[in-house]
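Trainee: I have a model open and a list of terms to check. Can we go through them one by one?

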Amino acid sequence: MCQNTCRTDGFIEWTNLTGQGWGRFFVGPIQFGLCYGAVIACILLGGQSLKAIYLLSSPKGTIQLYQFVSIFGVLMVVLAQIPSFHSLRHINLVSLVLCLAYSACATSSSIYIGYSKNAPTKDYSINGSAQNRIFGSFNAISIIATTFGNGIVPEIQATIAPPVKGKMFKGLCVCYAVVVSTFFSVAISGYWAFGNQARGTVLANFMVDEKSLLPPWVLLMTNAFTLFQVVAVTLAYLQPTNEVLERKFADAKIDQFAIRNVVPRLVFRSLSVVIATTIAAMFPFFGDINAVIGAFGCIPLDFVLPMVFYNVTFKPSKHGLMFWANTLIATIFSALGVLGAISSIRQIGLDAKTYHLFANL
């Protein structure tokens, strides 16, 4: 979720392809669930970044994670009141630059720690029973799928104005180039440096017993990049919820600063952020939330529905490669999505029992 945002323009694409029912009652709820899940994950990550910055100055500090999540939530309540974004491309560009910056910092920091005298003992064995390993594998697939959810937006935006094919291909190439260069570089270097002790977010491994394994200024810079990027992403992913609520309760025919529009905007945007913040504080398991988003949102929207709708809409020959390739991809990822959904919900249940609600991770 580095540089893109889900947009309600997706309704236009899916409605044109499959009809009003599919777009409104099936695809739409998944898209909005994906966006709101991303808001929860971003608020949690913002709180974790604030806590990391705090521990640099007060290693023995007693402020809990849920308090930092709440502080970040209050910040987002204020920023969410911005009436509208004339163009999200500027925010997306800033978000992309910050994403590349903190990914480079995280990768280089993992390599630095891996070679340092304070390097942790590397153990690449897989812990747990066979059952836990199997569920963990499907959970990991769901987390990886979350990164490819960014491809939804170039596909949607390319359908707004012709020609579609060239723009979509270029957009997806840029999107997946960023995914590969950020997600996988951080994941590979982090696993190399920390082995099976790697935590849900690689930044959490950079401090042991409230002591930094890096020069403090490096850790501060990395967390600052993360914090600013998360602010931009949260604002972007809040837009679909804002639009739906204000389309219902506000009046677009009058001035956006009229009392008739200001009051609903203040109430519903604040309520939306408060609910997301509460969930993030209660279940501070970033990897688990990403797995849920991937299983219930990204796998269906990225790997299943496009293949099914292509076959239904354009009706390629059943004797051709396109039909059977789409069918095979949709079938495999449908199974992975179901198993990933079971695994992600199971993991949240296990973590909630182990760490309790509002855990200070």
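Trainee: Where is Arg 265 found?

Mentor: Arg 265 is in helix 9. Some ground rules before we go on. This is a predicted model, where local features need pLDDT of at least 70, side-chain atom pairs count only at pLDDT 80 or more, and totals for chains, interfaces and linings use all residues. Residues are numbered from 1 along each chain as its sequence is written, and side-chain values use heavy atoms, with hydrogens and water left out.

Trainee: What makes a run of residues a helix or a strand?

Mentor: Both are DSSP runs, numbered from the N terminus: helices are H or I with at least four residues, strands are E with at least two. On that basis the protein has 11 helices and 2 strands. Their order from the N terminus is α-α-α-α-α-α-α-β-β-α-α-α-α.

Trainee: Why is Arg 265 called buried?

Mentor: Its relative accessibility is 7%. Buried means under 20% relative accessible area, exposed over 50%, partly exposed in between (1.4 Å probe, protein chains only). So Arg 265 counts as buried. Of the 361 residues of the protein, 46% count as buried.

Trainee: Which residues does Arg 265 touch?

Mentor: Leaving out residues up to four places away in sequence, Arg 265 touches Gln 81, Pro 83, Glu 246, Gln 256, Phe 257 and Ser 270. Contact means heavy atoms within 4.5 Å.

Trainee: Why does Tyr 191 get another label, partly exposed?

Mentor: Tyr 191 comes out at 37% relative accessibility, so it counts as partly exposed. Tyr 191 sits in helix 7 (residues 164-194). With residues up to four places away in sequence not counted, it touches Tyr 124 and Asn 196.

Trainee: Why are helix 3 and helix 9 called roughly antiparallel?

Mentor: Helix 3 (residues 65-79) and helix 9 (residues 259-282) pack at about 165°, with axes 9 Å apart. Axes are lines fitted to C-alpha atoms, for helices over the stretch in contact; angles run from 0 to 180 degrees between N-to-C directions. Under 35 degrees is roughly parallel, over 145 roughly antiparallel, 65 to 115 roughly perpendicular, and the rest oblique. Helix 3 and helix 9 are therefore roughly antiparallel. The residues of their contact divide into 8 nonpolar, 4 polar and no charged.

Trainee: What makes a residue nonpolar, charged or polar?

Mentor: Ala, Val, Leu, Ile, Met, Phe, Trp, Tyr, Cys and Pro count as nonpolar; Asp, Glu, Lys and Arg as charged; the others, Gly among them, as polar.

Trainee: How do you know how helix 10 runs against helix 11?

Mentor: Helix 10 (residues 286-314) and helix 11 (residues 321-355) pack at about 165°, with axes 8 Å apart. That makes helix 10 roughly antiparallel to helix 11. Their contact has 19 nonpolar, 8 polar and 2 charged residues.

Trainee: How much of residues 292-312 is helix?

Mentor: The span is 100% helix and 0% strand, with its end C-alpha atoms 28 Å apart. Residues 292-312 are among those that the unreviewed UniProt entry lists under "transmembrane region". UniProt positions are in the numbering used here, feature names are shortened, and annotations may be inferred rather than shown by experiment.
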